[in-house]
Every structure is written in C-alpha cells, then in structure tokens.
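Dear colleague,

Please find below the structure that I am handing over to you.

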Amino acid sequence: MARRFFSRWSGRVVKRWECQVCGFVYDEAEGLPDEGIAPGTRWSDIPDDWECPDCGTSKSEFEMLELVA
Amino acid sequence: MASGALPAFRNPEGPLYHGGALAYALLAYGIGIAGLFQASWLVNAISTLLLAHGMTIAAYMIHECGHNTVFQRNADNARLGKFLTWFCGAAYGTYEDIRYKHFRHHVDVDDVVWFDYERFFQEHPVALRVIEALEWFYIPAHDLLMHFIMVFTSFIIPERRNQRARNVAVIAIRGSVFFALLWFYPKVAVLYAVAYMIMMTVLRFMDSLQHDYGYHLTLFSSEPSPRKGDYAFEKEHTFSNPHSFDSEWVNGFTLNFGFHNAHHARPITPWWKLPAVHRELFGHDPADVIPFRSQLKIFHKYRVARINGGSADRDAADATAWGTGFLAAAREGRVTGGNAASFLTSF
C-alpha cells in the first residue's frame, strides 16, 4: 500500500533491497523510521557504512529485489 | 501477506519443498510420539527414529526461518520459527537470541559464544571425565551440558536474567509434561529422551566439520570482530559434508545442510537449491567435500578427543590442518572436528 501510494505520488520507481545474509528487506517507500531513515529515502542516499538492522552485515551485501513501478 | 489469513511462501517452489518439510516434521513428531505409547518394541524403535527425524527437520526449518527463506513476510518466518522451537527443545531461550548468535556467526565469520567450555572443563575435571566416559558410549554428553545451560538459561547467563519469567514458564510446561510421562509412562519418557539425543547427534554430526576455527567469547561484547566481513577467510575455512555428492536426494535427510559452503556463500538460499548453488559456485569435483565415509570415521574415532577439539583456532596448534589443509586432513579422517556448535544453543 505504502509502496503504491509513494510511487504514484512521487512518480519515482521505488526499489526494494534484500540482505543476502538474513533476508531483511529495505523498502525505499517505507524507509526505516526507527533507524532514522525517512520513508522515500533512496538506497543510494543511505550511507555506505550503514549496516543491516537485523543481522549487522554491511550495505554492500544487499541486492535489489524488485522494481515497483 | 498476499491475501487471506495464510502467509505466502517466498518462493514458487516453497509450498512443495518447505511445505513438505514442515508437514513431514509435524507428522513425524505426532506419529512418532503416538508410536512410543504402543506395546510393540519394534513400533517403539521405529517411532523413536521417526520422532528424532521429525525433530531434526524441525530444527533445520528453524534455520530456514532464521534466514527468512520460508515466507515472504519476515514476521511470518519468525512466528513459524518460534513455533518450531517447541518441537526440538529450543524454546527455553528466545528465537531472537538464536538468530542473533547465528548471524554473528555469519557476519563476524566466527563462532561467537558466551560459554567457555574449555575453561569449564579445566576447572571441573570430574565433569570432564564423566562427559568423556559418556561420549565414549556415544551419548552426546557435551551437547547435553549445553542443553542443560539452555534449559536454565536465565539462571545461568547474567545477560539473560530479564527472560526469567518466560524461561520459568517454559520449564514448567515442558518439565511437567516430561515428569508426568516419566511417572505414568516411563518407557515413553525414556524413548523421548533417546529420540532427543539422536536429534542432537545428527545436528552435531553435521556441525562438527563445517568450520575449522574455534570459538571466541564475544557474544555479549561490543568490540568489533577482527574477521567481520572477511568472506575470503570464510570461504577458506568453511567445508561441505554432504551425505552423498552423487545421489543428491540422500542429503534431504538433513535438508541439504551438508552443502555448507553454498549456504555461507548465499545464506538466503532455500534448502532445496543448495546442491545446485554448490555446483554453480564450487564445481562438480567431489574432492572439494568431506566424504561421508571420512565423516563417520572421524565421528567414531575422535568422539572423546572432540570434546576439546573445537575450542581453539588451529593455526597455532597445527598449521597443516587449517583451511585447505583441514579439508585434506578431514578427507583422510585425520581431524577431530568440534562439538557444541548447534544453532539451537544461543550462547
């Protein structure tokens, strides 16, 4: 729901990124408010030293899961 | 969740493979328990094995849930994982702690623990001798010690004191059922215990040779691991021990857990894809895995020596049995392997 709304409202392609160690999914539309990452924050805008909140692996261990147009 | 009340599987093949494994685990558990109540000793023996295997598959499905390979929503994976901890005696602590320690293992490229069993055995030589004697008789005493700590986790591990109410509730539920069985159906209680030890033995058999590094007491430490993210080291010190390299279906007995290099290279790969990932990443050479015959030889020959076999990095002790040298030595049955590395014991 949030993904569709954000995508339509912003006109941007929203991406989801999956941790290849634990399966945690970062959804750009939802962000991670508990981690201080606002909804709509692009993956590329997240600092390189950011770590998976679930398992602690580095950002480089994430892969794009799907595109939500 | 796509729609309705049932969670959606993450993979299209999930209903067949994950669903099948789950159904088997629960059926084997239920039929196995029922069979323990029968009068026939033959039925009892078959039921004990079935129960043990049901618990083993439940344990490996907890591992799948931990890596979120089962359902699309991670909350659903967590719910299933928590449910399954009740089937393999792992509910005394929390599912979150099991995952935390397991992912420290993956991310830190280390065995990150709280309990220093090597020191414990140095300080308690009588306990060591008793465990050595029991292990000589193939009783998994070292892992029973670990399970004892797991049962009383909130009373033994200071950092887990805040789990005491939950821990006491689980002890009360499981303990009362077990002691009721022991009182009214002692044979059932004994056979359940036998089945549990068979499950422990299968799990430790698989874990024993999959890494050649020792443990470090950093589970509750915030200091960064020196090997964190060193995936070249991880690859060099991770080993595969399938039951068979040629007849892949046999490895379903432990949900392909023996393809451990593939699991560490791509940890969110569901269990049925691991053999294909192994062949894609590491090739088709059987010389890259530890043959089952060698695994059996090591399991038998070093069952007592293994009690302290996994407690230290071997680069200091024996530089030849380290990394690729470990694989060569393991293939010839010349390493001890290690105990107490189960993902079910979260400390």
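Which side chain of chain A does B:Lys228 meet in a salt bridge? In this predicted model, the partner is A:Glu51, with a distance of 3.0 Å from N to O.

**Interface of chain B and chain A**

The salt bridge of B:Lys228 and A:Glu51 belongs to an interface across which the rule finds 3 salt bridges. The side of chain B that touches chain A takes its largest share, 4 residues, from helix H4 (residues 95–108) of chain B. By class, that side of chain B consists of 5 nonpolar, 5 polar and 4 charged residues.

A salt bridge is also formed by B:Arg99 and A:Asp54, whose closest N and O atoms are 3.0 Å apart. B:Arg99 is part of helix H4 of chain B, while A:Asp54 sits in the loop between strand E2 (25–27) and strand E3 (62–68) of chain A, so this pair joins two chains. Over all chains, the count comes to 17 salt bridges.

The contact itself involves 14 residues of chain B and 14 residues of chain A. The size of an interface is often expressed as the accessible area that is lost when the parts come together. Here chain B and chain A bury about 950 Å² between them, and 47% of this area is on carbon and sulfur atoms. The rule also finds 8 residue pairs in polar contact across the interface, both residues being at pLDDT 80 or more.

**Cavities**

A probe the size of a water molecule, rolled over the atoms, shows where empty space is left. The structure holds 6 cavities of 30 Å³ or more.

The largest cavity has a volume of about 440 Å³. It is lined by 32 residues, and those closest to its centre are B:His105, B:Asp111, B:Ala340, B:Ala341 and B:Ser342. Two or more residues of this lining come from each of H4, strand E1 (111–112) and helix H12 (260–265) of chain B. H4(B) gives the most, with 4 residues. By class, the lining of the largest cavity has 13 nonpolar, 15 polar and 4 charged residues.

The second largest cavity has a volume of about 140 Å³. Of its 15 lining residues, B:Tyr196, B:Met200, B:Ser342, B:Leu344 and B:Thr345 lie nearest the centre. The elements that give two or more residues to this lining are H7 and H10 of chain B, and H10(B) gives the most, with 6 residues. The lining of the second largest cavity divides into 8 nonpolar, 4 polar and 3 charged residues. B:Ser342 is listed among the residues by the centre of the largest cavity and among those by the centre of the second largest cavity.

**Second largest pocket**

The second largest pocket has a volume of about 720 Å³. Its lining counts 22 residues, with B:Tyr92, B:His147, B:Arg174, B:Phe178 and B:Tyr192 nearest the centre. Helix H1 (14–36), helix H7 (141–151), helix H9 (164–184) and helix H10 (186–207) of chain B each give two or more residues to it. The largest share, 8 residues, comes from H9(B). By class, the lining of this pocket has 18 nonpolar, 3 polar and 1 charged residues.

With kind regards

Definitions and conventions. Residues are numbered from 1 along each chain as its sequence is written. Chains are lettered from A and ligands numbered from 1 in the order in which they are written. This is a predicted model: local features need pLDDT of at least 70, side-chain atom pairs count only at pLDDT 80 or more; totals for chains, interfaces and linings use all residues. Side-chain values use heavy atoms; hydrogens and water are left out. On a 1 Å grid over the protein atoms alone, a cavity is a set of points where a 1.4 Å probe fits but cannot get out, and a pocket is an open set with protein on both sides within 12 Å along at least five of seven lines; lining residues have an atom within 4 Å of a point. Grid points are joined across faces, edges and corners, and a volume is the space filled by probe spheres set on the points. Ala, Val, Leu, Ile, Met, Phe, Trp, Tyr, Cys and Pro count as nonpolar, Asp, Glu, Lys and Arg as charged, and the others, Gly among them, as polar. Contact means heavy atoms within 4.5 Å. Buried area is the accessible area (1.4 Å probe) that two parts lose on being put together, summed over both. A salt bridge is a side-chain nitrogen of Lys or Arg within 4 Å of a carboxyl oxygen of Asp or Glu. A polar contact is a pair of N or O atoms within 3.5 Å; within protein, one must be able to donate a hydrogen and the other to accept it, and residues adjacent in sequence count only if both atoms are side-chain atoms.
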